[in-house]
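Please look over the sequence and the model shown here.

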Amino acid sequence: MDRLLIVCDMFPPAFAPRMGYLCKYLKRMGWEITVITEYIPDETFRMLSGNATARYVKFYKASGSVRKRLEWLWVMGLDLLFHYKDRKIIRVGSRLLRANEYRGILCSTYRAFPLFAARRLARKFGLPLVTDFRDIIEQYAADEYLSHKFRALAWLKPYIKGRLLNDRNKALKAADAVTTVSPWHVQVLKRYNPNVELIYNGFDPELFYPERIPTPRFTITYTGRLLSLAIRDPELLFIAVARLAAEGTIAPDTFRVVWYTDPESKEIIEREAGRHGIGAFMEYHDYVPADKVPRLLNESSVLLSLTNKAGDNGPKGFMTTKFFEFLAVEKPILCVRSDESYLAETIRRLNAGVAASTADEAYDFLKRHYEEWKEKGYTTVDIRRDRLAEFSRKEQAKQFARIFDKL
């Protein structure tokens, strides 16, 4: 039996679709997978638990907001100075690698942790190392990659960025193969390692497929965070909705923009929607468990992909899991503002909707599909199904398996 050790920053039941779905399909292909990861108190992807033997390392134990903050600062300091978290991962991994034989190590990260641990383990035990990058620092407009704002410790930001990039680049150079999520990411990472392969984020074909469900109202649905307006800017949507409302085409009882997001993003949305006088059309909910998302998408009229024009002051290479899940349910996708890059090209190539560069484009798109909804009770899009297969999680698991076969 093929055994694989995955070392990653998070894993189901926490929000970790890429590694969660990979384990689901590798297990069906006969692989035995062990995962070492940080414990994250989250249940979003509970339905993907059980596809691997997972070892969760707990770094935070304090209770109460003040104690939690102090503990987080303490762990962060130890980690920046001594790779504290990685060294705990190494201890767990060393015990596993002495007791079992593995084909190799796969490390998946969104910044740098736990690349240091994976690199050390691979070198110590003479195993092939594949590093998988779901996100990289260069893709952000500013410092959105930081999980905390560091207002009182702003002077630390350059050091933290330098440390993260240094750890990442060392792991890149040491890796036998590298995988990442968009053509832009491939271009950047090839500067450090020529063996970079594109494996998109994707959708599970067993969960995400089209259903025609009539609904009593026209719903534009967004699931996720905003991070910042520099990265995800809904202004063109709000201008279009305000114009439709002003001319009497839509009303709040039959036309809604529904947000499944966090409190910080909600504040931004409320402020921006208020500026355009369309607060009555907005509706807010908390995140929903991952197994509820397919139905939610199929009950939507338009699926909203938020981004901004790619460039030095904008996002670069963002192609999120939810975008591919949008494709799979064959609902019209409104991307605002167009990144004028790989996301817009994929929408065009698959005939999946529109990546709007102007408010007029967003207005025309919404008006057309609103008329369709009034006529049929639901909306559809004539997507290029022959081009969907490359985004299937099942096919992507085969890509990962082929990489280890080569190594």
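Two strands count as paired if DSSP finds at least two bridges between them. Helices (H or I, at least four residues) and strands (E, at least two) are DSSP runs, numbered from the N terminus. This is a predicted model, in which local features need pLDDT of at least 70 and side-chain atom pairs count only at pLDDT 80 or more, while totals for chains, interfaces and linings use all residues. Residues are numbered from 1 along each chain as its sequence is written, and side-chain values use heavy atoms, with hydrogens and water left out.

Start with the open sheet. It is formed by 7 strands in the order β3-β2-β1-β4-β5-β6-β7, with parallel pairing. At the edges are β3 (53-57) and β7 (196-198), each of which pairs on one side only. Neighbouring strands in this sheet are turned by 20° against each other on average, direction ignored; axes here are lines fitted to C-alpha atoms, for helices over the stretch in contact, and angles run from 0 to 180 degrees between N-to-C directions. Within the sheet, strand β1 (residues 3-8) runs parallel to β4 (residues 104-109), and 5 bridges join the two. One of the residues involved is C8, whose bridge partner in β4 is S108.

Helix α4 (residues 115-125) lies across β1, β4 and β5 (129-133), at about 170° to β4. Contact here means heavy atoms within 4.5 Å.

Next, the packing. A nonpolar core is a set of buried Ala, Val, Leu, Ile, Met, Phe, Trp, Tyr and Cys residues joined through side-chain atoms within 4.5 Å. Buried means under 20% relative accessible area, exposed over 50%, and partly exposed in between (1.4 Å probe, protein chains only). The largest such core has 46 residues, and L5, I89 and I105 have the most contacts inside it. Among the elements that give two or more residues to this core are β1, α2 (65-82), α3 (84-99) and β4. Its largest share, 6 residues, comes from α4. Leaving aside residues up to four places away in sequence, I89 touches V7, I36, T37, V57, F59, F113, A117 and L121. A second, separate core of 34 residues includes A240, V241, I268 and V354.

Residues up to four places away in sequence not counted, H185 touches D135, I136, Q139, T180, K316 and G317.

Now turn to strand β9 (residues 255-260), where 6 of 6 residues are buried. F255, V257 and W259 point one way from β9, and R256, V258 and Y260 point the other way. Strand β8 (residues 218-223) runs parallel to β9 and is joined to it by 6 bridges; Y222 stands opposite W259. Strand β10 (residues 282-285) also runs parallel to β9, with 4 bridges between them. Y260 stands opposite H285 in β10, and V258 has E283 as its bridge partner there.

β8, helix α7 (residues 235-246) and β9 make a right-handed β-α-β unit, as do β9, helix α8 (residues 263-275) and β10. A crossover is right-handed if, with the strands pointing away from the viewer, the path from the first strand over the helix to the second runs clockwise.
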